[in-house]
Amino acid sequence: MNTNTAIFTNDKITLRPLTFDDKHWVLALQQDPLWLRYIGSKNVDTVDDACDYIGKTNAQRVEWGYGLLAVELTETKQPLGVCGLFNRFAFECPDLGFAMLPEARGKGICYEACQCVIAWSASKGYRFLTAMTHPENMASQKLLQRLGFNKQGFYFDKTFPKQHLFRLELQP
């Protein structure tokens with residue numbers, strides 16, 4: 001992924017690297033009750049914490065060649081949330097992650113952003129993607145299934161509670 005410009009853009013949405021100008025909405029996203037319930041606190045409690053989070057996210061993207069991206073409306077540049085890939089160090093391929101601000105939920109924006117990330121992943125030759133959700137996060141589970149992911153069971157990790165594990169085959 002190019003780390004300096006839009007990764008994807010169309011008439012509706014743009015996916016681009018996070019910048020420090022995003023600090024206020026990144027803080028708001030990470031303080032959202034659904035983020036805290038389903039993803040958990042990442043200790044982003046201040047604007048400075050949001051800047052640290054953005055810096056770490058961008059460093060991971062440079063190191064791994066993929067990462068978390070800002071999702072915004074193309075026309076207005078209004079931030080909508082985040083979508084991208086993570087290295088969970090447990091699988092051969094990356095893990096899809098996403099979260100939308102409350103005003104962007106239920107409008108198909110996350111689905112479209114995920115489709116862009118999936119298409120990019122396939123073009124880079126990844127054989128599959130994984131994704132994880134909190135067992136009670138039915139909206140994310142439905143989205144993953146709509147995207148073609150299949151539930152594989154549960155994933156356990158010391159850094160967060162039991163998660164539903166999904167997998168999407170990209171290459172035969």
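1. Helix axes here are lines fitted to C-alpha atoms over the stretch in contact, with angles taken between N-to-C directions. The model under review is predicted.

2. On that basis, the axes of H1 (residues 23-31) and H3 (residues 47-64) come within 8 Å, crossing at roughly 95°. Angles of 65 to 115 degrees count as roughly perpendicular, so H1 is roughly perpendicular to H3.

3. On the H1 side, the contact consists of Lys23, His24, Val26, Leu27 and Gln30; their partners in H3 are Val47, Ala50, Cys51, Tyr53 and Ile54. By class, this contact of H1 with H3 has seven nonpolar residues, two polar and one charged.

4. One cavity of 30 Å³ or more is present in the structure. The space in the largest cavity comes to about 40 Å³. Its lining is made up of Leu18, Trp25, Val26, Leu29, Gln30, Trp35, Tyr53, Leu68 and Val82. Eight of the lining residues are nonpolar and one is polar, with no charged residues.

5. H1 contributes the most to this lining, with four residues.

6. Six salt bridges are found in the structure. One of them joins the side chains of Lys12 and Glu112, at 3.9 Å from N to O. This pair connects distant parts of the chain, 100 residues apart: Lys12 sits in the loop between strands E1 (8-9) and E2 (13-16), and Glu112 in helix H4 (residues 109-123).

Terms used. Residues are numbered from 1 along each chain as its sequence is written. This is a predicted model: local features need pLDDT of at least 70, side-chain atom pairs count only at pLDDT 80 or more; totals for chains, interfaces and linings use all residues. Side-chain values use heavy atoms; hydrogens and water are left out. On a 1 Å grid over the protein atoms alone, a cavity is a set of points where a 1.4 Å probe fits but cannot get out, and a pocket is an open set with protein on both sides within 12 Å along at least five of seven lines; lining residues have an atom within 4 Å of a point. Grid points are joined across faces, edges and corners, and a volume is the space filled by probe spheres set on the points. Helices (H or I, at least four residues) and strands (E, at least two) are DSSP runs, numbered from the N terminus. Ala, Val, Leu, Ile, Met, Phe, Trp, Tyr, Cys and Pro count as nonpolar, Asp, Glu, Lys and Arg as charged, and the others, Gly among them, as polar. Axes are lines fitted to C-alpha atoms, for helices over the stretch in contact, and angles run from 0 to 180 degrees between N-to-C directions. Angles under 35 degrees count as roughly parallel, over 145 as roughly antiparallel, 65 to 115 as roughly perpendicular and the rest as oblique. Contact means heavy atoms within 4.5 Å. A salt bridge is a side-chain nitrogen of Lys or Arg within 4 Å of a carboxyl oxygen of Asp or Glu.
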